[in-house]
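Please take a moment with the sequence and the structure before reading on.

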Amino acid sequence: MNLVESNQARNNSLISEAASERTQYPYVTGTSVIGIKYKDGILMAADMAGSYGSTLRYKSVERLKPVGKHSLVGGSGEISDFQEILRYLDELILYDNMWDDGNSLGPKEVHSYLTRVMYNRRNKFDPLWNSLILGGVKKGQKYLGMVVIACFTFPMLKEKLYAFWAIGNLLCYVIQVSMIGVHFEDDHVATGFGNHLARPILRDEWHKDMSFEDGVKLLEKCMRVLLYRDRSAINKFQLAKITEEGTTIYPPYALKTSWNLAAFQNPTAGAEGSW
């Protein structure tokens, strides 16, 4: 084998190895998404930041999207993987509409599809690095679920939760899915830092008969706490709701904040070695 053929064989080998590489770490990511049930349906909130490492590179990333007639999905984690998931969901809804049988996929079916997609990619050692919240309403039934397969920040994101219960005459369930089978019941879900900072607030203040206005106030309180404490959050949020009438995604807006607390003005005061 001459030198040219040797170099060509080596280059082909390198190309083959590069083609088989898997994403080892997410690059452009979105932070927390919060979902709650309220009296008439589902409410979700997320900010619009896309972080490149610790740099807030993109500030108009929409992470709440409608899925068909009855579902709403919110995603945190790798933005490009979330876009791929949205493409999968577009194909799913298009295929369902092509049957033209008067029926349409509800949130329970979409959630089941997402769990299979995420678990399939995990088994290929090529995971989609996302945590997803899926909510919806169909025929009087409210659904709020969460899909977590890849663990990209916190070890506890590997937990698997699956629960359902009845409220009045409405069948409601919340699902968080991962690899190990842990399950419990709840009425609200959150991804990312929201799982640590927002859930305690939701446990204290959420109730099943919340009005739309009370639900929005509760979500804003949670997002304000995340803005103060999560370096990847920005003060530009989107709210979305889904009811029997359909999905509404509201324009972005900012929250009123106060940074006059002494702990914010001099966070290292009294720390060992501080000036």
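Predicted model: local features only at pLDDT ≥ 70, side-chain atom pairs only at ≥ 80, totals over all residues.

Residues are numbered from 1 along each chain as its sequence is written, and side-chain values use heavy atoms, with hydrogens and water left out.

The protein chain has 7 helices and 14 strands, where helices (H or I, at least four residues) and strands (E, at least two) are DSSP runs numbered from the N terminus. Of the 275 residues in the protein chain, 46% are buried; buried means under 20% relative accessible area, exposed means over 50%, and partly exposed is in between, with a 1.4 Å probe and protein chains only. The accessible surface of the protein chain comes to about 14900 Å², and 53% of that surface belongs to carbon and sulfur atoms; such areas come from the Shrake-Rupley method with a 1.4 Å probe, and for residues only the protein chains shown count as cover. Among the contacts in the protein chain with a separation of 6 or more, 61% are between residues 24 or more positions apart, a contact being heavy atoms within 4.5 Å.

Inside the structure there are 2 cavities of 30 Å³ or more. On a 1 Å grid over the protein atoms alone, a cavity is a set of points where a 1.4 Å probe fits but cannot get out, and lining residues have an atom within 4 Å of a point. Grid points are joined across faces, edges and corners, and a volume is the space filled by probe spheres set on the points. The second largest cavity holds about 30 Å³ of space, and its lining is made of Ala45, Leu219, Glu220, Met223, Phe237, Leu239, Tyr253 and Leu255. Helix H6 (212–229) and strand S13 (237–243) each supply at least two residues of this lining, and the largest share, 3 residues, comes from H6. By class, the lining of the second largest cavity has 7 nonpolar, no polar and 1 charged residues, where Ala, Val, Leu, Ile, Met, Phe, Trp, Tyr, Cys and Pro count as nonpolar, Asp, Glu, Lys and Arg as charged, and the others, Gly among them, as polar.

A pair of aromatic rings is described by the distance of the centres and the angle of the planes. Rings of Phe, Tyr and Trp (its six-membered ring) pair if their centres lie within 6.5 Å; planes under 30 degrees apart count as stacked, over 60 as edge-to-face and the rest as tilted. The structure holds 4 aromatic pairs. One of them joins Tyr95 and Trp99, an edge-to-face pair with 6.1 Å centre to centre and 90° between the planes. Both residues lie in helix H2 (residues 79–99), 4 residues apart, which is about one turn of the helix.

The rings of Tyr228 and Trp259 have their centres 4.9 Å apart and their planes at 85°, so this pair is edge-to-face. Because Tyr228 lies in helix H6 and Trp259 in the loop between strand S14 (246–249) and helix H7 (262–265), the pair ties together parts that are 31 residues apart in sequence. Tyr228 is partly exposed, with a relative accessible area of 22%, and Trp259 also counts as partly exposed, at 42%. Elsewhere, ring pairs link Tyr38, Phe212 and Tyr250 into a cluster.

Which backbone angles deserve a look? Most residues other than glycine have a negative phi. Phe125, however, has a positive phi near 55°, and Phe125 is placed in the loop between helix H3 (107–123) and strand S8 (130–138). Lys139 likewise has a positive phi near 55°, and Lys139 lies in the loop between S8 and strand S9 (141–148).

Finally, is Ser232 buried or exposed? With a relative accessibility of 18%, Ser232 counts as buried, and Ser232 lies in the loop between H6 and S13. Leaving out residues up to four places away in sequence, Ser232 touches Thr31, Asp47, Ala49, Ser51 and Leu56.

Terms used
1 Å grid on protein atoms, 1.4 Å probe; cavity = no way out; pocket = protein on both sides within 12 Å on 5 of 7 lines; lining within 4 Å.
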